[in-house]
Amino acid sequence: MPEVDFIDTQVAREDTRTLAEKARDRLALGGCQVALFAAFLVGIALEDAILVTGFLLFIVAGAVGWGRMPKLNSWARNHLARDKRFAQLVLLALLVLFPFVFLDNPYLIHLGALAAIFAIMALGLNITLGFCGLLDVGFAVYFAAGAYASSQLAVIFDVSFWIGLPIGGLTAAFFGFLVAWPALRVSDHYLALVTLGYGLIMNLLHRNFTFLTHGTDGVINIPPPSIFGWDFVTPIEIGDLELPFQMNFYFLALIITVLTVFVSIRLRDSNLGRQWEAIREDEVAARCFGVNVRRLKIIAFSTGAFFGGIGGAVFAHMIGFVHPDNFVLLTSIMILAMVIIGGMGNIAGVVVGAVALTLIPERLREFEDLRMLLFGGALVLIMIYRPQGLFPNSRRRRELQAEKINTLIAESGRDDAEAPGLPDEVKV
Amino acid sequence: MFETWIQQLVNSLTIGGMYTLVAVGFTLFFGVLRLINFAHGEVFMLGGFTGLVVAWLAEDLGIESGLLIIFLMFVFSMAVCAVIGALMERFAYRPVRGMPVLIMLVTSLAVGIVVREAVKEFFPEGANPHAFYSPFKYDSFNLGSVVLDYTQIGLILTSIVLVYAVYLLVAKTWVGRAMRATSEDLDAARMMGIDVDIVIRNTFFLGSALGGVAGVMNGLLYLSIRFDMGWVMAIKGFTAAVVGGLGNIYGAMFGGYIVAAVEVLVVALIPEGSRYKDVFVFLLLIGVLVFRPSGLLRAPEQKVG
Amino acid sequence: MAADQTAATLLASEALTKNFGGVLAVNDLSLEVREGEITAIIGPNGSGKTTFFNLIMHLYDATSGQILFGGERRNLLDLPTHKINAQGLARTFQTLRLFPNLTVLENVLIAMSSHVNAGFLSALVKPKSLRQQDKDAEEKALETLSMFGARLISMCNEPASSLSYANRRRLEIARCVASQPRLILLDEPVAGMNPTETRGVIEDIQRIHEKGHTVLLIEHDMKLVEGVAHRVFAFDHGTKIAEGSFRDVSTHPAVIEAYLGKRAARH
């Protein structure tokens, strides 16, 4: 029966590779990863504006070329799928290695930490928007909530960062919960307008509720996190080698990012994640099949906001200064763009989007204010030519029990008796 | 006390007229494209800057009549904004027409960024506020004990005339009929032989031109313009459009006056109100969206699905 | 096809009225659907058939009246939509409403798992019991899909949007069956299908029925109604104008009038 073959190709097969084949595959995969990472390092280390521009054009050309080479695509995808764990470990190792490459350029390590912080927030928005399909154009609200809550706790009440961090997250989650109530009653454009208005209101309150936020003076002198009396701005010394203190923040942010990725994956693959996706796809049908849309939307808003707050808390304690200008509409648009450019719902894509949108503008500092113009123009072009993002979220195929399916097909020979070639399939 | 209230009324009519002109654009665009054109605020800003350039040129050319200069400012900013709006539609919004809300939304936000940053970078001293030319800024007359500003009265009349002209255009002409038909149902309009592309282009011409007028009015009234003033106006404008019912052209015509009245009342009645007037406008926006999504004019619709 | 006269009432609509801003979409509608039967609703467009389904799922609030379900006669209009499926009702939609980017299998899994509360913590911790539960659900879902032979199951890992039109209709039915409802509501199951496909759907409906599901369907295709329905309700202007076997209803003067206009009925 032809269908049986067809099924077979979809089902994760037992790994039948010999040890040598496995080693060869992994070497190739790891090699590619290292090469890409090296290119990335070169890219962010470039200072000269022309070189940066050239590098970006090179990336764009590469991305376009990549899209035109389906064979290479599927090769990469197959290798990644087969050696997923291995690839993850290599990536993690490279990320750990990253700051050691730039020991003499702590600013780049600082940028790395910033990129990780934005990745945390973008992953948060990805839960609300990517998983559940809820348009939130006011994400800066949660960023602000986390930043203000944890920093003011530390400044006024001398509360440790490690307590302030979860409180910041929970405060932000509460703000997500707050907007969920009106947001439940509207959708699409109206939801976008409601969240946008929410973001604007909150930003005005940041400026005017001076007793909470110090208004436009900002919160200053936010202490860095510390562990057992050692604080994060003290460099670690190994023998003669003094590691820049930016590294401490980098690893802090990296660890939280990895945790956020883990939580995102778990949520996505759970019952909860599937129901979120059902809501995103067709809310009415979801309700008719028992999905408690109200509850799940509230969870989506709050969970997404929580990570926004976590990112905000880390941000506040790293930068040491929080100002209402950090939480304007443009910030929300930036985080939104990270999610969309990466590919909504695709966890790895969103992280890449966050890293790219944090680093590229920084590297374009030579262009001064033109970079916002370039950002806007690039965003328009991306919306027109690649609205699904760099890494569109394809369906994750489940690993199914092949035998079970084949038996079920074999048992039900009924339909195969129908004459082939009937005008059965009306494609819409 | 009575004089202050009259003064407040005049204020709200002036800014209300401005908001209305902007709101008509929002509602027209939403009608034909199902797009909230966030870049529309930047078109408004561009209108102001065009007016300023016209004033500079008029000075160079030795034109002295204030009225003539104001007239030229209106005409040129309408023309420039109409063209810019149509270009936006052609090159940014047409390619994403019919795409998911999110894509259209981000596109319009990005287009807004491009326009704003372009003015900031390429206009001479673009990042700084510019003094606007306003020939009659100190002229006023007394009506009993009430002091009335010529500029304000002029602006109120201008906006009323323009809004009425738009009403006639939309209600009575075939251009307007095509627009309304497209708003109602784009596919049906297409099947009836209406060239939807042309209708949408015309809509952008019209809406953006009105935005440009509002930009000049804003300059004449506040005497100063900045590259980043579009965004605030955008919010007021779409709030006004939402209050009137997004897509409802007639609703937008008075939505602007309602928003203006709310602002003026908040400033007048609440201590430190001027700091919070925008908060109330946004609350109005959210409140209407949540409780009366079809606008304050129409009865709330049945919840479907 | 003798309908069992002693069968219990599964669903009863009592004096149900739905007023859409002055338009009475459903007007004082009373009817009873008996357990174990296949019941069809016919009627011209705009006669309130789909509105009736939407009221059953409580997608609309009724203006007045009630819809009672099961032996305990619970009023469905007192329940939020998402709790109705768990009572034992599932429906298809006239305009297909699958989850297009979810896989075929996931579409079915949604229907099976959604009244099991999707816990936040258990999603993070992923305890062993949950894994087993997931595996069992998956197996059951596959079995449900196999009711259409290889057609759906061979596509089980593909997004629903990649299915052909007919197969999408089948998936909608499979999704209903998967939630193990007592009553399945089918809204024009053969709309847009050719005669061969329609014959297939008739078989499918009969198979669902044999499995013990009561079926209530809306259909314009009289061949199908004649072929499967034990009992037929005819609707016009939001109310029931005739009831009985297909033959009785199809020859009822009021029904002919509703379909063909007054003059045809007189002649």
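Chain C comprises 12 helices and 10 strands, where helices (H or I, at least four residues) and strands (E, at least two) are DSSP runs numbered from the N terminus. Its radius of gyration is 19 Å, close to the 18 Å that the globule rule gives for 267 residues, so chain C is as compact as a globular protein of that length; the radius is taken over C-alpha atoms, and the rule is 2.2 Å times the number of residues to the power 0.38. The model is predicted: local features need pLDDT of at least 70, side-chain atom pairs count only at pLDDT 80 or more, and totals for chains, interfaces and linings use all residues. Residues are numbered from 1 along each chain as its sequence is written, and chains are lettered from A and ligands numbered from 1 in the order in which they are written.

Along the principal axes, the C-alpha atoms of chain C fill a box of roughly 70 × 40 × 40 Å. Buried residues make up 49% of the 267 in this chain; a residue is buried if 20 or more other C-beta atoms lie within 10 Å of its own, exposed if 12 or fewer, and partly exposed in between, with C-beta atoms placed from the backbone. Of the contacts in chain C between residues at least 6 apart in sequence, 66% join residues at least 24 apart, a contact requiring C-beta atoms, placed from the backbone, within 7 Å.

An open sheet of six strands in chain C has the order S6-S7-S8-S3-S9-S10, with mixed pairing; two strands pair if DSSP finds at least two bridges between them. Strands S6 (89–91) and S10 (239–244) of chain C stand at the edges with a single partner strand each, so one side of each is left without a neighbour in the sheet. The twist averages 20° from one strand to the next. Strand S9 (residues 231–236) of chain C runs antiparallel to S10(C) and is joined to it by five bridges, and C:Ala234 stands opposite C:Ala242 in S10(C). Helix H2 (residues 81–88) of chain C lies across S6 and strand S7 (183–187) of chain C, at about 110° to S6(C); angles run from 0 to 180 degrees between N-to-C directions, and axes are lines fitted to C-alpha atoms, for helices over the stretch in contact.

Elsewhere in chain C, strands S1 (residues 9–20) and S4 (residues 64–69) run antiparallel and are joined by five bridges, with C:Ser64 in S4(C) as the bridge partner of C:Thr17. S4(C) also pairs in the antiparallel sense with strand S5 (residues 74–75) of chain C over two bridges. In this hairpin, which has four residues between the strands, C:Gly70 takes a positive phi near 75°.

Chain B contains 11 helices and four strands. Buried residues account for 50% of its 305 residues.

In chain A, helices H8 (residues 161–183) and H14 (residues 293–319) pack at an angle of about 145°, with their axes 6 Å apart. Contact between chains A and B involves 33 residues of chain A and 35 residues of chain B. On the side of chain A that touches chain B, helices H9 (188–208), H15 (329–342) and H17 (370–385) of chain A each supply at least two residues, and H9(A) gives the largest share, 12 residues. By class, this side of chain A has 25 nonpolar, five polar and three charged residues; Ala, Val, Leu, Ile, Met, Phe, Trp, Tyr, Cys and Pro count as nonpolar, Asp, Glu, Lys and Arg as charged, and the others, Gly among them, as polar.

Definitions and conventions: Two residues are in contact if their C-beta atoms, placed from the backbone, lie within 7 Å.
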